Amino acid sequence: MPNQEEIYQKVSATLVEALNVEEEEIKPTSTLQGDLGAESIDFLDIVFRLEREFGIKIPRNELFPESIFQGDPEFVQNGKVTPKGLDELRQKMPFADIAKFEQNPELTAIGDLFTVEMITKYIEGKLGAKV
Amino acid sequence: MRWIWIDRFLNFERGKSARAIKKLSLAEEYFEQHLPGYPIMPACFILEGLAQTGGILVGEANDFKEKVVLAKITSARFHKEAVAGETLLYDVELLTLRPEGASIVGKVFSIPPGSDEPNADPLAEAEIFFAHLDKSRSQQLFGDHNFVFSGELKHLLGLAKASAQRTDG
């Protein structure tokens, strides 16, 4: 079973192929959209590649949920994610760094949850790898 | 101009792979302008042929029920020019097929005029990613009609079957 570093290296290589970026550009904290220029269709491509690379199944909306809140006012008010919305995020995306997002939970910044580190943690969980 | 960039399927293995052929004739319109005096097939048309071969492979895997659209050319490399008089072979393999979309990897080989054998090295290679249009959204926009596989593209497979029967018979 690969360790965290090996998983990170493979995730990084996957992103190099999917997003046509240089390996040096990729850091654990890099956001897929903001830093690495991913567009919506790239997320699906990344999922396909991760499945092949790691031999796992990634159900739709598990790694990159498309619309967690679905316009529910209990989850989002005045452009900010509510405490209930944050709980929903924690439940749906236990592998994401919600603590950082919580400091300024603007809905528009939700894409910043999608980082290289997040994918690595998700894969770790899937493979049952030990840190 | 007809937007069909393959002449016929030679092999078709459902959900796995396909091989299509395209003969390049100097009578084709684009050769006149690309390039005057030096007729080579534009690289984007080579890619379109590969995408059509792959797109039909992907569409047929779901009995043409999905609207398969080219979403992304993940990578494409062109090693050699395609010249009038040559024949192109499009070899495509299905990498992934999921409800949301599919990806294929393909190689294009050229058969020089007067030869039956393709060159060993590919003329071009690419990885192509297709999306299935979201069912509910595309139905709103386009109705039930599958505009991707409406006519000639789908007909190509039938043509391959018909010609195989003719050869057998």
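## Close-up views of a predicted model

**View 1. Surroundings of B:Ile46 in the predicted model.** Apart from its neighbours within four places in sequence, B:Ile46 is in contact with B:Met41, B:Ala82, B:Val108 and B:Ala124. The structure shown here, as in every view below, is a predicted model.

**View 2. The largest nonpolar core.** This core has 33 residues, and those that touch the most other members are B:Ala18, B:Ile46, B:Leu50, B:Tyr90, B:Val108, B:Ile128 and B:Phe130. Two or more residues come from each of the following elements of chain B: the strands β1 (8-13), β2 (17-23), β3 (68-78), β4 (87-98), β5 (101-111) and β6 (124-132), together with the helix α2 (43-61). The most is given by α2(B), which supplies seven residues.

**View 3. The strands β4(B) and β5(B).** These two strands form a hairpin, with two residues between them. They run antiparallel and are joined by eleven bridges. Within this pairing, B:Arg98 stands opposite B:Gly101 of β5(B).

**View 4. The strands β5(B) and β6(B).** Eight bridges link β5(B) to β6(B), and the pairing is again in the antiparallel sense. B:Gly101 has B:Ala131 in β6(B) as its bridge partner. How many of the eleven residues of β5(B) are buried? Eight of them are, so β5(B) is largely enclosed by the rest of the structure.

**View 5. Chain B as a whole.** The secondary structure of chain B consists of four helices and six strands. Along the sequence these elements follow the pattern β-β-α-α-β-β-β-β-α-α. Chain B has 169 residues, of which 30% count as buried. When contacts in chain B between residues at least 6 apart in sequence are considered, 69% join residues at least 24 apart.

**View 6. The two domains of chain A.** Domain 1 of chain A is made up of two segments, 1-64 and 114-131, whereas domain 2 covers 67-110. Taken over C-alpha atoms, the centres of domain 1 and domain 2 of chain A are separated by 21 Å.

Technical notes
Residues numbered from 1 in each chain as written. Chains lettered and ligands numbered in written order. Predicted model: local features only at pLDDT ≥ 70, side-chain atom pairs only at ≥ 80, totals over all residues. Buried ≥ 20, exposed ≤ 12 C-beta atoms within 10 Å, placed from the backbone. Contact = placed C-beta atoms within 7 Å. Core = buried A, V, L, I, M, F, W, Y, C linked by C-beta atoms within 7 Å. Domains from an automatic or database assignment. Pairing = 2+ DSSP bridges.
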